[in-house]
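Welcome! Let us take a friendly walk through the structure shown here, going from pairs of side chains to strands and loops.

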Amino acid sequence: ADAFQLTFTGDDPGIAMHFRNAPISPVGPYVLTFVLTTDWSGQGEIFFTTDKEAVLPRGEKIRFPIAGGSQAQDVRLEIDTAEQLYQLRIDVADGPGTATLRKVRLLDSSGDVLKDWNP
């Protein structure tokens with residue numbers, strides 16, 4: 001499979017990535033991109049931390065619209081920080097449901113891939 005198949009039960013759904021032990025270089029700003037397919041529609045969020053001691057979902061938050069339906073949606077989110085990224089979390093639903101994430105990548109400001117989570 002070339003995608004993350006997510007099932008949400010309704011209890012604080014999300015997928016988190018940690019970089020505390022393997023810092024990302026160079027430091028930000030960053031761009032997070034992924035392709036999302038879900039029947040759920042509304043507001044999605046990403047959370048990120050630039051403080052090594054902070055624990056998600058503390059940190060900064062960026063909201064994005066989710067169209068829902070059968071069409072895949074390209075999501076591109078600017079993470080406007082000049083600091084080191086330690087944790088990143090993607091929330092795509094407030095309640096029960098399913099979602100598929102493809103082509104999950106973290107880019108630097110010039111578009112070079114820093115992290116590629118494609119299975």
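We start with a pair of charged side chains: glutamate 78 and arginine 76 form a salt bridge, 3.9 Å from N to O. A salt bridge here is a side-chain nitrogen of Lys or Arg within 4 Å of a carboxyl oxygen of Asp or Glu. Arginine 76 counts as exposed, at 54% relative accessibility. Buried means under 20% relative accessible area, exposed over 50%, and partly exposed in between, with a 1.4 Å probe and protein chains only.

Before going on, please note that this is a predicted model, in which local features need pLDDT of at least 70, side-chain atom pairs count only at pLDDT 80 or more, and totals for chains, interfaces and linings use all residues. Residues are numbered from 1 along each chain as its sequence is written, and side-chain values use heavy atoms, with hydrogens and water left out.

How many salt bridges does a search of the whole structure find? The search finds 5. One of them joins the side chains of arginine 63 and glutamate 45 at 3.3 Å, N to O. Arginine 63 is in strand E5 and glutamate 45 in strand E4, so this pair ties together parts that are 18 residues apart in sequence. Strands (E, at least two residues) are DSSP runs, numbered from the N terminus. Glutamate 45 is buried, with a relative accessible area of 13%.

Another salt bridge brings together the side chains of arginine 105 and aspartate 116, at 3.1 Å from N to O. This pair links distant parts of the chain, with arginine 105 in strand E8 and aspartate 116 in strand E9 (residues 113-116), 11 residues apart. Both residues count as partly exposed: arginine 105 at 27% relative accessibility and aspartate 116 at 40%. Salt bridges with shared partners also join Glu45, Lys61 and Arg63 into one network.

Now look at strand E3 (residues 30-38), where 8 of the 9 residues are buried. E3 pairs with strand E6 (residues 73-79) in the antiparallel sense over 7 bridges, and with strand E8 (residues 97-108), also antiparallel, over 8 bridges. Two strands pair if DSSP finds at least two bridges between them. Leucine 36 has glutamine 73 in E6 as its bridge partner, while leucine 32 stands opposite leucine 106 in E8.

Finally, visit the loop between E7 and E8, where glycine 95 is found. Is glycine 95 buried or exposed? Glycine 95 is buried, with a relative accessible area of 13%. Its C-alpha atom is separated by 8.8 Å from that of tryptophan 40, 55 residues apart along the chain.

Notes:
Helices (H or I, at least four residues) and strands (E, at least two) are DSSP runs, numbered from the N terminus.
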